[in-house]
Amino acid sequence: MRLKNALKNLRKDANLTQQQLGDLVEVSRKTINTVENRVFYPSTFLSLKLAKALNVKVEDIFWLADSAESPEP
Amino acid sequence: MNKVSAISLIMYAGLALYVATLFFLFFTGQNIPQQVAWIGIAAAPYIFMIHTAFWFFFPKESRLAFDEQTTETERRSQAFGYFAALATFLICLALVLIGTLKPSTAYWFMGFSLVIPSIYMIFAHFSGRAG
């Protein structure tokens, strides 16, 4: 199983840059970038902050996929 | 990169450069005054004070500079540095026991291994995994 995310799309839907989203959740732009690229897996706390900042549920940002090809929920 | 991240990177680079210079001077056979070797130790409280001052005067930048990813990367750098130092010690011990390496030279190698977490953090900064 792999942890996938739609953070990049949701951020763009909210018309936010990585820097602006980082400022909202108090992390650096680099951290937002590595989360989007699945290099860094955020904590539950940061995941909840991201969901709150984007006004979505955590499950809308992150989900488990059986393979790399699994579509978004 | 905000100013606290930049200062942090400069500190890591300064420490790595200082140790690398000592290492180079030792291996090129130049005489190193004992006072020079103590500069690194004397710098530690200054680094602590600079970091504390930044937390006091620039709390927002400090929170961003030491966010979740950076603290995780720091933990990894310390773990990596610990095992690297342990491996260096064991290799040096073996080489000293079989007579290939002098104990005084082994001492320098072991000292150099202590700067590995700093080098790890420099790479992490440039690869976007810290700062």
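What does the secondary structure of chain A come to? It comes to five helices and two strands, where helices (H or I, at least four residues) and strands (E, at least two) are DSSP runs numbered from the N terminus. Along the sequence, these elements of chain A follow the pattern β-α-α-α-α-α-β. The radius of gyration of chain A, taken over C-alpha atoms, is 11 Å, close to the 11 Å that the globule rule gives for 73 residues, so chain A is as compact as a globular protein of that length. The globule rule is 2.2 Å times the number of residues to the power 0.38.

This is a predicted model, in which local features need pLDDT of at least 70, side-chain atom pairs count only at pLDDT 80 or more, and totals for chains, interfaces and linings use all residues. Residues are numbered from 1 along each chain as its sequence is written, while chains are lettered from A and ligands numbered from 1 in the order in which they are written.

The predictor gives the complex an ipTM of 0.81 and a pTM of 0.83. Confidence in each residue is expressed as pLDDT, from 0 to 100. For chain B the mean pLDDT is 88, and 100% of its residues reach 70 or more. Within chain B, confidence is lowest in helix α2 (residues 34–57), at a mean of 81, and highest in helix α4 (residues 68–97), at 94.

Next comes the outline of each chain. The C-alpha trace of chain A spans about 35 × 20 × 20 Å along its principal axes, and that of chain B spans about 55 × 30 × 20 Å. Chain B has six helices and zero strands, in the pattern α-α-α-α-α-α.

A residue is buried if 20 or more other C-beta atoms lie within 10 Å of its own, exposed if 12 or fewer, and partly exposed in between, with C-beta atoms placed from the backbone. Buried residues make up 26% of the 73 residues in chain A; in chain B, 21% of the 131 residues count as buried. Two residues are in contact if their C-beta atoms, placed from the backbone, lie within 7 Å. Among contacts in chain A between residues at least 6 apart in sequence, 58% join residues at least 24 apart. For chain B, residues 24 or more positions apart account for 75% of the contacts with a separation of 6 or more.

A:G22 lies in helix α2 (residues 18–25) of chain A, and it counts as buried because it has 21 C-beta neighbours inside 10 Å. Apart from neighbours within four places in sequence, A:G22 is in contact with A:V27, A:S28, A:R29, A:T31 and A:I32. The C-alpha atom of A:G22 is separated by 12 Å from that of A:E36, 14 residues apart along the chain.

In soluble globular proteins, nonpolar side chains tend to be buried together. Here a nonpolar core is a set of buried Ala, Val, Leu, Ile, Met, Phe, Trp, Tyr and Cys residues joined through C-beta atoms within 7 Å. The largest nonpolar core has 15 residues, and those with the most contacts inside it are A:L7 and A:L50. Two or more residues of this core come from each of α1 (7–13), α2, α3 and α4 (44–54) of chain A, and also from α3 (59–65) of chain B. Not counting residues up to four places away in sequence, A:L50 touches A:L7, A:V25 and A:I61. A second, separate core of ten residues includes B:L15, B:V19, B:Y120 and B:A130.

Where the chains meet, twelve residues of chain A are in contact with eight residues of chain B. Helix α3 (residues 29–36) of chain A gives the largest share of chain A's side, four residues.

α4(B) has 30 residues and reaches 44 Å from its first C-alpha to its last, close to the 44 Å expected at 1.5 Å a residue; the expected span is 1.5 Å times one less than the number of residues. The buried residues of α4(B) are B:Q69, B:T70, B:T73, B:S77 and B:C92. They pack against α3 of chain A together with α3, α5 and α6 of chain B. In helix α6 (residues 116–126) of chain B, the buried residues include B:I116, B:Y120 and B:H125. The buried residues of α6(B) pack against α1 (3–27), α4 and α5 (103–113) of chain B. Just after α6(B), B:G128 takes a positive phi of about 80°, and just after α4(B), B:G99 takes a positive phi of about 85°.

Notes: pLDDT = per-residue confidence, 0-100.
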